[in-house]
Amino acid sequence: MKIFTAEQIRQWDQLTVSRESITSLKLMERAALALAGWISENCKNYTRLALFCGPGNNGGDGFAAARILYTKGFDVEVFVPDIKAEFSEDASVNLQRLKDFSGISVRELSGMEEYSFDDETVIIDALFGTGLSRPLDGIYKKLVSEINEKKGVKISVDIPSGLSADSVFTEDTVVFKADYTLSFQCWKKSFLHPETGKYTGKVIVLDIGLSPEFREQENSEDYVTDQHVISRIFKPREEFSHKGTYGKVTIVGGSYGKIGAAVLSTRAALKTGAGLTFTLAPDCGYIILQTACPEAMFIKGGTEYIENIGNEENSVYGIGPGLGTHEKTRKALLDFLKQYSSPVVLDADALNMLSENQESLKYIPEKSIITPHPKEFERLFGSTANSFERLEQARKKAGELNIYIILKDHHTQVVTPEGRVFYNITGNAGLAKGGSGDILTGILASLLAQGYSTEEACLLGVWLHGKAADLAAEKYAKESMLPTDVINELGSVFGKLNRKKMKL
């Protein structure tokens, strides 16, 4: 799914109106019907709705939705900043239609003190939409601050008021904090970054029938990795195949006290379907690895830390889990990279060692994958003010080095050498545990070995990782799920993918 800017969304609306020969008012009615449909279906246990509507078209959506929700049996109260304010043309029409219903009260904000907000009140934010170009101030800043303190479920129409669609305002910006954001037609970029996404709650994308031609033809460098993308990438195993069909993986990792990381990565590679899996680790991990991962073969790379990395061109290397940063390990890594030309997966201590000398980055083979978390990225490429700037820095470096950068975050981003960005929307906070990244390394290396392109391996691998984590969270809760639980759920995810393919 493409992500469009606020300006592109405005153009999308206009094109839909012109090509379908409908009025903007009719398009607003579509949006209101979609809003009211979701709210009536999902808020059945609530009877009272308080809508806060601004002067623009976002407020118009709110006015129209309020009218429809009233006909569905909800007790509706609407608040506006000033009943005599200058509203947009379409908002004015829907406000007048609303006034024609005797059962709906339209109050100015001064009347909010007389209204009793409780746990049974659903608060709906329709103050400002994607056209907002500056932080809230004045009465709106005060209003949103007060609403955020209220109890009850909070829902935003299209985008939380106070949030930019495309970037981050200043740190002290006041933004409506929603439990749900009912977004029209597509995700907004700000929903997917930690500084801004924290305000959206659960994002629900509502189809309001905007022009499909625009979506197909309009250019974007930003995407959401959705089920359609994954279904296109995933390839079921051929019946007439053998272990050689699915490639060879070598996980390079482990050091004294950190053998567990190599175990997790190895097990993930195995569960993702690699034909042959090797673990190159120090001798101190031999018994552990042979016991924990009997399906994998052991290669000795040192005694207590790795001192030598082999060079098999027909094997895909995943390097870094629990590797340590001993001087001999650093030398072994650089020697390997200088002579190896196929794509590799680099994570954790492999990245930490490369960050010590920027010249080392040029030895990363083209089309390789690196998977830094924010601190590792900072050590590699320097600090940035926020995640939006970090992403732009990643675009630049991915292009310069001709590699794929997986920026690990709540919505992990896959950055391609061409500058495209794919946001992943599977996964949850249960992955915020040591060992989760080691699993991803094994998954990525396994997919590369099976013949997926680097881009396909990144998109499918990150999605698989997150989807398995979602299943683990359902079983064990985010607090209690372990990385090993995530590995064990990979089979369930593959099962669902295969069943979906069979239906096609």
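Q: Which residues does T412 touch, not counting residues up to four places away in sequence?

A: A contact is counted where heavy atoms lie within 4.5 Å. This is a predicted model, in which local features need pLDDT of at least 70 and side-chain atom pairs count only at pLDDT 80 or more, while totals for chains, interfaces and linings use all residues. Residues are numbered from 1 along each chain as its sequence is written, and side-chain values use heavy atoms, with hydrogens and water left out. On that reading, T412 touches I406, L407, F422, Y423, N424 and V462, once residues up to four places away in sequence are set aside.

Q: Where does T412 sit, and is T412 buried or exposed?

A: Helices (H or I, at least four residues) and strands (E, at least two) are DSSP runs numbered from the N terminus, and T412 belongs to the loop between strand 15 and strand 16. For burial, the cut-offs on relative accessible area are under 20% for buried and over 50% for exposed, with partly exposed in between (1.4 Å probe, protein chains only). T412 is buried, because its relative accessibility is 11%.

Q: Which backbone atom does the side chain of T412 reach?

A: A polar contact is a pair of N or O atoms within 3.5 Å; within protein, one must be able to donate a hydrogen and the other to accept it, and residues adjacent in sequence count only if both atoms are side-chain atoms. Here the T412 side chain comes to 3.0 Å from the backbone oxygen of D409.

Q: Which residues does the UniProt annotation "binding site" cover?

A: Such annotations may be inferred rather than shown by experiment; their positions are given in the numbering used here, and feature names are shortened. According to the unreviewed UniProt entry, "binding site" covers K408, D409, H410, H411, T412 and G437. These residues are spread over 30 residues of sequence, yet they cluster in space, with a largest C-alpha distance of 14.1 Å. One of them, H410, lies in the loop between strand 15 (404–407) and strand 16 (413–415), and beyond its neighbours within four places in sequence it is in contact with T426 and N428.

Q: In what order do the strands of the open sheet stand?

A: Two strands pair if DSSP finds at least two bridges between them. In this model ten strands form an open sheet in the order 8-17-16-15-14-13-12-9-10-11, with mixed pairing. Strand 8 (222–225) and strand 11 (297–300) are at the edges, each with a single partner strand, so one side of each has no neighbour in the sheet. Strand 8 runs parallel to strand 17 (residues 421–424), joined to it by four bridges, and T225 is opposite N424 in strand 17.

Q: Which strands does helix 16 lie across?

A: For such packing, axes are lines fitted to C-alpha atoms, for helices over the stretch in contact, and angles run from 0 to 180 degrees between N-to-C directions. Helix 16 lies across strand 8, strand 14 (369–370), strand 15, strand 16 and strand 17, and its angle to strand 15 is about 15°.

Q: What is the phi of D158, and what is that of A477?

A: Most residues other than glycine have a negative phi. D158, although not a glycine, has a positive phi of about 75°, and A477, also not a glycine, has a positive phi of about 80°. D158 lies in the loop between strand 5 (154–157) and strand 6 (180–184) and is buried at 8% relative accessible area. A477 lies in the loop between helix 16 (454–476) and helix 17 (483–503), where it is partly exposed at 31%.

Q: How many salt bridges does the count come to?

A: A salt bridge is a side-chain nitrogen of Lys or Arg within 4 Å of a carboxyl oxygen of Asp or Glu, and by this rule the count comes to 27. R10 and E7 form one, their closest N and O atoms being 2.5 Å apart; they are about one helical turn apart, because three residues separate them in helix 1 (residues 6–20).

Q: Which parts does the salt bridge between E29 and R97 tie together?

A: The side chains of E29 and R97 meet at 4.0 Å, N to O. E29 lies in helix 2 (residues 24–42) and R97 in helix 4 (residues 89–99), so the pair ties together parts that are 68 residues apart in sequence. E29 is buried at 18% relative accessibility, whereas R97 is partly exposed at 33%.
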